Structure formats: C-alpha cells, structure tokens
Amino acid sequence: MYPDYMEESLRKVVQTRPARLELARKPDPVYPPMSAEERRKVLEDFHPDFKPDALRPVSVGPNKGEKLTTEVADLLESHSWLRSEQVDLDHPDFETDLLIIGGGGAGCNAALVAMQQHGIRSMIATKLRMGDANTMMSQGGMQAAVSRTDSPTKHYLDAIGGGHFENKPELVKALTEDGPGVVKWLEDLGVVWDKEEDGSIQVRHGGGTSRKRMVSCRDYTGAMIMRTLMDEVRNHPDMIDIKEFMPAVELIMDDEGRCAGAILYDMDSEEFFTVKAKSTLIATGGYGRLHIRGFDTTNHYGATGDGLVMAYRAGAKLMYMDSVQYHPTGVSFPEQIAGFLVTEAIRGAGGQPLNKDGELFVFPREPRDIEASAIIRECAQNGGGVETPSGRFGVWLDSPLIDMLHGEGYTEKHFPAMYRQFIRYGIDIAKLPMLIYPSLHYQNGGIEINERCETDIPGLYVAGEATGGLHGRNRLMGNSVLDYNVFGRRAGKYAGEYAKTVKLGKLSLAHLDSYEKELAASGVKTDLVTPILLPSYAPKDVKKRQLVRGGNVLPGASVVHNRLHDERSGA
Amino acid sequence: MTSVPTGTANSLSNSQIDEKRDAAGERLITVYIMGKAYEVPAEATIMGAIEYAGHQIIRGAGCREGYCGACATIYRLPGDYKIRTGLACMTLVEEGMTLAQIPSVPAEKAIYDIEKLKPNVSAIQQMYPTVFRCVACGTCTKSCPQGLQVMDYVQAAKRGDIATVMDLSFDCVVCGLCMLRCPAEITQPLMAILAKRLYGRYLRKDSPELAERVKAVEEGVFEAEYADLMAMGREALSERYYARDSE
Ligand SMILES: Cc1cc2nc3c(=O)[nH]c(=O)nc-3n(C[C@H](O)[C@H](O)[C@H](O)COP(=O)(O)OP(=O)(O)OC[C@H]3O[C@@H](n4cnc5c(N)ncnc54)[C@H](O)[C@@H]3O)c2cc1C
Ligand code: SF4
Ligand code: SF4
Ligand code: FES
C-alpha cells in the first residue's frame, strides 16, 4: 500500500483520469511530443550524463585525457588486487584453449561455437552461478529481421539512426545480418519463440524500429534463452569446464604482448588461481551495480564492470564510456523493489506518466533518454515529484488506464510478472498507478572491438554488453539480446580459430607494475581496489565497524564499494 | 528536499538513505537468520534483511528481481508448524521469522544429445525416470514461489505431453524448492528444461519465412545494399533514416 501522505496526490490522479482517458482514445498524441530543440534542451539540462560532474578526464591508461563517466574513471584509476611478484606464473593451476570470463549469454554462445566449429576446449570462469547474469533478466525481447516486410538492411538503418550515427558500421552490419541466423540457431537448440498460428515468429515494435522486429518468449525471453544455452553447455562436460564463484581479477599477458589467460579468485576459499589460455574472451556484461550518480539499477548482483578495468590495465581501449543508459521507468516505491524495471510496454499499452498533481508533463513514448530526462526535470526542477518515505522521488505511471482502454483483466493477463511484482505490496496496478523514476540500465559503451570481437591486444576477445562501438551512445531495446548472441557466437569462432595457431611466450603480469607506476606518476591518490566483484548493501554503521579492519580489503570487496561512493563529490 | 542536486533526485548514497531511515524512526522487527537473532526493518525483503544484518551475500543472490532462482529460502513463523518457501528477493520479512537460504539443491542434470531424443515419453523415461515415482501429493505445487502447477506438469510428463509441460513450466525460475520438498525425490525443474527444449526443437510449427531469410543472407542478397549504406556519410545516412517509412 502507499503511505497515507500520498493519498491527496493519488486523489488528484483519479480526478484527472476521465479527461486523460478521453485523450488516450483519440488518435492524436496525449501530450505534444518534443521538438528537436526541446529534446536537446531537456537532455542538456537534465540527462545525468550532461551534469558538470558526470564526466571527468581519466588520468591513466589507453584513454588517458578522454572524458569518461566519473564513476568509470574512478574505477579505472585504482589498484589491482595483485602484486606481480607474488604470483607464480611458471606453474599455471589450469590450462585451456579458450578461457571465457563470464557465464552469461555471450560466454555460453562462445563456448558452444568454439567447440562445434573448431573442436576447441574451453573453460568458463564466472563470478556467481552460471546464468546469474543480465541475460537471465530480459523480458521484452530480441530484435531480428525475420518478418516478410523486414530486412537486415532496414534493421541496420534503424540501429544506426538510434545510435545517432555514431555506431561502428561494421559492427552494426554483423549484428543485423546475423540476426535471422541467431533466431534459427536458438530455435534449433530448443528456445520456444512466441509464434503466430502459421508458425511464423511473432514480431512486435520496440522503441525506434521501423518494422515489427521484436521476437520474444512471453515475459521470460532472457530466462528461456539463458537456460537453454546453459543446459547445452552442461551437456559437454568433457569440452567445457565450468568454474562457478571464480571471477577473474586480472588478465595474464605473455612477454610478446599477447593475452594469455587470467587470474581467478575463488570466492569461497579466497585463493587465487592462474589460468593459462591460448585465447581469452571477456564476456563480463555491464556495470549497473556501480550505481552511477547514486541511481538504483535494473542489473543483476554481479554487474560491476570488472571486464572494463581488467582489459584497460592490460592496454585495451575503451569506446563511448561517457554515455549511460537510464531506463525511464524503474520502480521508485515500494523501496524493496526500487530500481526494478517497469517494461516499456506499459506505456505502449496506454500508461501515462503524471506528476504529483495528476497532470501529464511528457509524451509517454519519447526515446528513452528524452523520457528519462523529462521525468528527472519534473522532479528536480518543477517540484512535480512525489517523495517516498526513504527520500527517493518518483512520478506516477497511470496503469489503470490500460484496463479502461483494452478491457478489464488486460493488465493481469498481459503483464503477469509486473502485476505479481506489485500485488505483493498490496498495490493492484490495474487499480492504482505505479510510482516510477529512471533506473540505471545499460552500459552503452565498453571495450572497443571489431566485427571479429578482436581488441588491440592479440588473443583478447570481448563480446556482449562489455563491448563498445556497436550501439553508439544509445542502444535500442532488443538489440543487446541480439548483441550477445551474434558476438558471443563470433567470439567463439574467431577466438577458437586463433587458439589453434598461437604459440604463447613467457607469462607475465608486468602490465600491472607499469599501470601502478603510471598511477603514481599522474598523481592519482586512491585506496580503491578493483575489480569490485560485488556491491555492498550493508548499512552505514555496519560498514563503519567493518572498516575497523582498516586498510584491508574485505572479501567480496564490500568496503571497496563504500569508498567508491563516499569519495565522490556530491554523492 | 532542498539538498537534492538537480537532475539527480535519486542520487542519494546508501548512507544518506540510511540516515533518513534512522531519522524517520524506522520500525524494526526481530528475525532469526540461520538461528541468530537480528533486528531488521519491518518492511524489508528477506534479502534486504540479510544485507541489513551486515552479511555479504555470495551464494544466494543473482538477479535480485525474481528471475534466476538463486535465492531460494525456507522459513517458519512463530507458533506455526509449517515450513514455508519463498524467494529471498521477493518475500517480505515478518516478526519472529526464522529462515535459512538454500542456495543450492543437489540434483543431477541428465546429459543428452538433443538431436538424438524424441519429443515423447521415451525421452522422459530415459533421462528423468524418477518422474514416474510421483505420488501426486501436491507438495511441489504448494512450495512453488512462482505459483506454478508443478504437480500437473509432472503428471503431463508422465503422459509424454511435452507441450503441456512446456506451457505449465514456462515461468519456472529453477529455484529448486519443489525438488527439495518432493517426497519422491523428483527433479522437476531439470526435467522441465528438457521438455521445453524438446518442444522448441521438435514440436514447434516451423516458420515459413525464417529459413528463406537465413539463406538469403548467406547468399549475399543484402550485400549491395549494405555496401551502399556503409559508404554513406553521416548526412546522407541521416537523410535516409529520417525519410524511412514505418510499419
Ligand atoms: C532487467 C533487464 C532487462 C533487459 N531487457 C532487455 C530486453 O528486453 N532486450 C534487450 O535486447 N536487452 C535487454 N537487456 C539487456 C541485456 O539483457 C544485456 O545487455 C545482455 O544480456 C548482456 O549479456 P552479456 O552476456 O554480455 O552479459 P551478462 O548476461 O550480464 O553476463 C555476464 C556474466 O559475467 C559474469 N561476470 C562479471 N564479472 C566477472 C568476473 N570478474 N569474472 C567472471 N565472471 C564475471 C557475471 O556474473 C555474468 O554472469 C535487459 C537487461 C536487464 C538488466
Ligand atoms: S517449479 Fe520448482 S524450481 Fe520451478 S519455480 Fe517452482 S518451485 Fe522453483
Ligand atoms: S511433490 Fe513430488 S511426489 Fe508430490 S506431486 Fe510433486 S512431484 Fe509428485
Ligand atoms: S535473486 Fe534471482 S530470483 Fe531472487
């Protein structure tokens, strides 16, 4: 239930509803969409990326001098868990052809393809369990040009326009031309796509699509794909070795500048293990759990940008790390589910964002970054937000309109996951609006790759959300599920090919020493140790008592996260 | 609230939120995490309560949004003999609750080549023969935090009705709570994954246009158009983009 003090605001929502319902029934937009000029202004004034302290130049590494998201710059200007002289590289604990870091969608695809096409053995080292990943969570769907009226080149144009023409063209080509093949590959593995009567794949619109192109598995698209891929991976225990709760903390190089494996950290025993690998794939996903600018996130527990910092220390270049995707509608109340995704489809079905007086203030289907900025403006500038008991803000998303527009029972039938989510807290979204606020959703940029998933470092491949370049500075809905499938598969192909020919030299961690020197030379002062591995949600007093261990980094890096938060100005 | 920086209304750090919480005099209740008493906010989820108590969860949290099944939990309430089940990320604490997370339920996944199986009862018999031990007690259905008709899908599996297993188990998050409670030691969610794969692989209706589209790509039908688009400068591309027709 909503607290009593919100009652007056809720009453206003009810009062304005009949008039808004009339508007919704008309063909015209319920609120004037913004002009190009208005869009520019709301972005510049209110999008979190445009705040003066949102970006800062990074002082070390391959992107030195470039402005990056402040939290990312903080993450990169940090110390390693390891000192090179303490690690015995002469006797690796494990050896494999292909080391895959990250057991999400990209990682599983790569292992399967490397095995099928090249007969290559791989090891998947992952932080939590297999499939504890953003891949498990996608509800909406995947874009792929499979319908009769569509084509891969139409998909190309939509994706590159959505990314403001900054996407790397060869990556967009790879994404869109492989799309139909991915649908077939997954179907043959046993993914159950939503279908029409005649067997053709059901397609829907998503933000920025000119053709209906979103394929889905009910509300559980990601879970269906992830579970199918994992099941297939586990059918090959002789070829694919799975190491769970063993995140990578640093890459290993050889003396000729090739990537040659990684150091894993066992979360249970706190041991470090060395893995020598002919080729290495980073498939570590995104960074939502860095809580950039203090935002709640939709991401899974282990999304802490580890791949970025490991690759960066080894000398790989990052691309578009100045742009963050905030989903306009994350949950703001109840606090227990703050940050959870409220699918775009709620607005698609007629849900309207309203301020505390029950008034419309934005067209409900602006592009993601514009819609999110308008919601922030309403709260921060116009005082139109509703404050929650814990000090969050939110605006109403008037969901009861949906049943009024489409008939009673529609919401419960079409949005069962959403309905279930709120009813636990006594909020029936068919009768009461939801309180929402933008939530940190997606890492637009990442480690730069080409269409073969190669980086500047021989033997180092990257695929999925950890990469940069494909989406420009704005990813469209449905393109990242396709991303991890297309590029996960490509990584398996090309990294597998490379593993068959390479001869590694002497293993080395010298890059850690030179990075440390560079940090010192550029005058960076920090006690941050990365990768972060896991965020901490312990209350402040608990953290204080944990810090008594002074100078030590606790297992699980709980204290590290605390420092990251507290050192930032304004946080 | 005046201290909110513009543009980042929600940019309160966790510690600031904690302070607000304290100031608001949040109501605390006692729960027992693996037998040890902790004071936690009355409104917390089980996962929130464990973290409020200062534990760093390593096993027992994944998606944190009800999709991955990492956070299976069993609990009892005071004065109630029943063992209850829930997902820690989705279930609220209650006064006197005594709880333990079950982050892993031992179970053996069958190894198979999906290409060599048939989508009927024979696959179930070969891979998950324990299914036939079901005594129809309904315990699995009662323990499912997703509210699925688990017993019904087990019964469907016994009949070789793969389509029904697929349909009824679609929202299964593989938390393992049903198989933990099953007196017949059946591994329901694992069998259900096999059934879904069999359905997708063999019982689907084939898309008339998908194979054609894949073939067209392989034959390079779109290459010329790609070359054309990729040669365009930003301006020309932008013009083409804004002029495109929409379905
Ligand atoms: C709630 C939600 C809904 C979404 N909905 C959609 C949608 O509808 N459509 C769409 O296209 N996209 C959607 N996305 C985005 C999309 O799901 C992700 O971008 C995509 O799944 C990323 O896949 P990945 O394989 O690159 O990374 P992930 O699936 O996140 O996998 C990364 C894996 O690496 C592991 N890992 C991390 N660090 C380390 C380390 N140091 N060592 C070892 N392992 C590590 C992680 O634990 C994880 O298992 C959604 C995302 C979220 C969070
Ligand atoms: S069917 Fe079993 S494993 Fe699946 S969600 Fe229900 S209780 Fe969990
Ligand atoms: S708990 Fe086991 S025995 Fe009882 S109905 Fe479910 S599957 Fe059958
Ligand atoms: S953490 Fe994934 S279901 Fe609870």
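A polar contact is a pair of N or O atoms within 3.5 Å; within protein, one must be able to donate a hydrogen and the other to accept it, and residues adjacent in sequence count only if both atoms are side-chain atoms. The model is predicted: local features need pLDDT of at least 70, side-chain atom pairs count only at pLDDT 80 or more, and totals for chains, interfaces and linings use all residues. Residues are numbered from 1 along each chain as its sequence is written, chains are lettered from A and ligands numbered from 1 in the order in which they are written, and side-chain values use heavy atoms, without hydrogens and water.

**View 1. Domain 1 of chain B against domain 2 of chain B.** Chain B splits into domain 1 (19-101) and domain 2 (114-203), with bounds from an automatic or database domain assignment. Their C-alpha centres are 29 Å apart. Eleven residues of domain 1 contact nine residues of domain 2 (contact: heavy atoms within 4.5 Å). The two domains bury about 690 Å², 67% of it on carbon and sulfur atoms (buried area: accessible area, 1.4 Å probe, that two parts lose on being put together, summed over both). One residue pair is in polar contact across this interface, both at pLDDT 80 or more. On the domain 1 side, β3 (72-76) and β4 (84-87) of chain B each supply at least two residues (strands: DSSP E runs of at least two residues, numbered from the N terminus).

**View 2. The chain A and chain B interface.** Here 113 residues of chain A touch 84 residues of chain B. About 8,900 Å² is buried, with carbon and sulfur atoms giving 54%. Twelve salt bridges cross the interface (a side-chain nitrogen of Lys or Arg within 4 Å of a carboxyl oxygen of Asp or Glu). One of them joins Asp268(A) and Arg59(B), at 2.5 Å from N to O.

**View 3. Surroundings of ligand 1.** Of 40 residues around ligand 1, those that come nearest are Thr135(A), Gly141(A), Glu465(A), Ser480(A) and Val481(A) (a residue counts if one of its heavy atoms lies within 4 Å). A polar side-chain atom of Asp306(A) is 2.9 Å from a ligand nitrogen. For Arg475(A), a side-chain N or O atom lies 3.2 Å from a nitrogen of ligand 1. Lys127(A) places a polar backbone atom 3.3 Å from a ligand nitrogen.

**View 4. Surroundings of ligand 2.** Residues around ligand 2 include Cys144(B), Cys172(B), Cys175(B) and Cys178(B).

Key:
Helices (H or I, at least four residues) and strands (E, at least two) are DSSP runs, numbered from the N terminus.
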